[in-house]
Amino acid sequence: MIDRLLQEQAAFEAALSAVDDEDGLYRLQVAFLGKKGSITGLSKQMGALSPAERKSLGAELNRVKDAIAAAIEGRRVALLDAARSRDLARVEDLTMPPLQAPIGTLHPLTLARRALEKTFRRMGFDVAEGPHVEHGAYNFDALNIAANHPARDMQDTFFVRPRAGQPPTELVLRTHTSPVQVRTMLDGGRPPPIRVIAPGTVFRVDDDATHSPMFHQIEGLYVDRGVTMADLKATLLQFTSAFFGRSLAVRLRPSYFPFVEPGAECDMQCPFCQRARGGVCAVCKGSGWIELGGAGMVHPAVFEAVGIDPEIYTGWAFGFGIDRMAMLMYEIPDLRLMFDGDVRFLRGFAG
Ligand code: FA5
């Protein structure tokens, strides 16, 4: 029996040297130590031996079993190590950082719009919205823009053909955010005092380095008893200092818009001149002023169109372009870069 045991051990060692994967190792373990394995078979025959023989064979059998089990475990660890080394050899550079999932960034205009909204909300203004496809009646008529005004010309305005079966009303892509003034004042749930801003997209037949067919404005409207032009200037002063973090002068130059009287162009003191460091400021071209947009006192004809008594209430409104503001804030040389959708440009504005 001892001879057969030693033969089995030798057979195991020969078979082990030929094993080169985990499956082969498992099959070997079953063939020698499994329930029907050769070593297990030998131990079952021990019952037929004398007690003295059983004792010496038992000790030898345990030694061989332990040796086989230890050899199998040793080979298993060696196979795992070899597999891991092969995996590592496939990776070219272990010091490389892991791949990062692409993360989007906010568009510079969204950053500018949110900053504007935050500043005006703090000053007590609500944020109002209106549709992009607007009634000509709100975009023009209620704003005292006459039927023969050049703004209503095909060269300035995108007209929208009403759907078949719809009433033949004049529909346009809104050319400014001012119709939100009309919608806000018509809104029965919002009698004066009214204090809103309305940022949004507007459309005009316009296309060059500083004009885009689609651009953005922010409208402001304040209506109450006794509101004057002084309130407008005070609000603009408060806004510019809150937005740019330091006090900046604001000036109003006489101008004409049919929906305000008196009307003005608003400029603010250039907050970027300090970047010029002694040279001529590239943003304001050395003038010291930056144009914000139009403003003025709400025209009595507009109040009448929306059913607010101009004998009781007065109000001011403004409409500023946001795109040029964002161009100034972020030093963007061409307006069209903002709408080209080139991610290399957009990546520069991680908010
Ligand atoms: C208006 O649109 C008036 N609704 C503003 C207003 C509101 C006046 C309330 C009085 C009371 P204007 O056409 O000037 O005004 O446009 C205002 C601003 O929009 C301009 O100062 C400019 O900054 C911007 N803007 C106008 N056209 C374009 C364009 N094609 N691309 C980019 N920005 C533009």
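The largest nonpolar core of this predicted model has 41 residues, and those with the most contacts inside it are Phe120, Ile218, Trp316, Phe318 and Met338. A nonpolar core here is a set of buried Ala, Val, Leu, Ile, Met, Phe, Trp, Tyr and Cys residues joined through side-chain atoms within 4.5 Å, where buried means under 20% relative accessible area with a 1.4 Å probe, protein chains only. Among the elements that each supply at least two residues of this core are helix H5 (108–122), strand S6 (214–224), helix H8 (229–244) and strand S10 (314–321). Helices (H or I, at least four residues) and strands (E, at least two) are DSSP runs, numbered from the N terminus.

Phe120 touches Phe125, Ile197, Ile218, Phe239 and Phe318, residues up to four places away in sequence being left out; contact means heavy atoms within 4.5 Å. Apart from this core lies another, of 23 residues, including Phe259 and Tyr313.

An open sheet is formed by 3 strands in the order S2-S4-S3, with antiparallel pairing; two strands pair if DSSP finds at least two bridges between them. Its edge strands are S2 (133–135) and S3 (159–160). S2 pairs with S4 (residues 171–173) over 3 bridges, and His135 has Leu171 as its bridge partner in S4.

Elsewhere, the axes of helix H2 (residues 22–33) and helix H4 (residues 51–90) come within 10 Å and cross at roughly 175°. H2 is therefore roughly antiparallel to H4, a term for angles over 145 degrees. Among the residues meeting there are Leu25 and Phe32 of H2 and Ile68 and Leu79 of H4.

Residues are numbered from 1 along each chain as its sequence is written. Local features need pLDDT of at least 70, side-chain atom pairs count only at pLDDT 80 or more, and totals for chains, interfaces and linings use all residues, while side-chain values use heavy atoms, without hydrogens and water.

Note on methods:
Buried < 20%, exposed > 50% of the residue type's maximum accessible area, 1.4 Å probe, protein only. Axes fitted to C-alpha atoms, helices over the stretch in contact; angles between N-to-C directions. Parallel < 35°, antiparallel > 145°, perpendicular 65-115°, else oblique.
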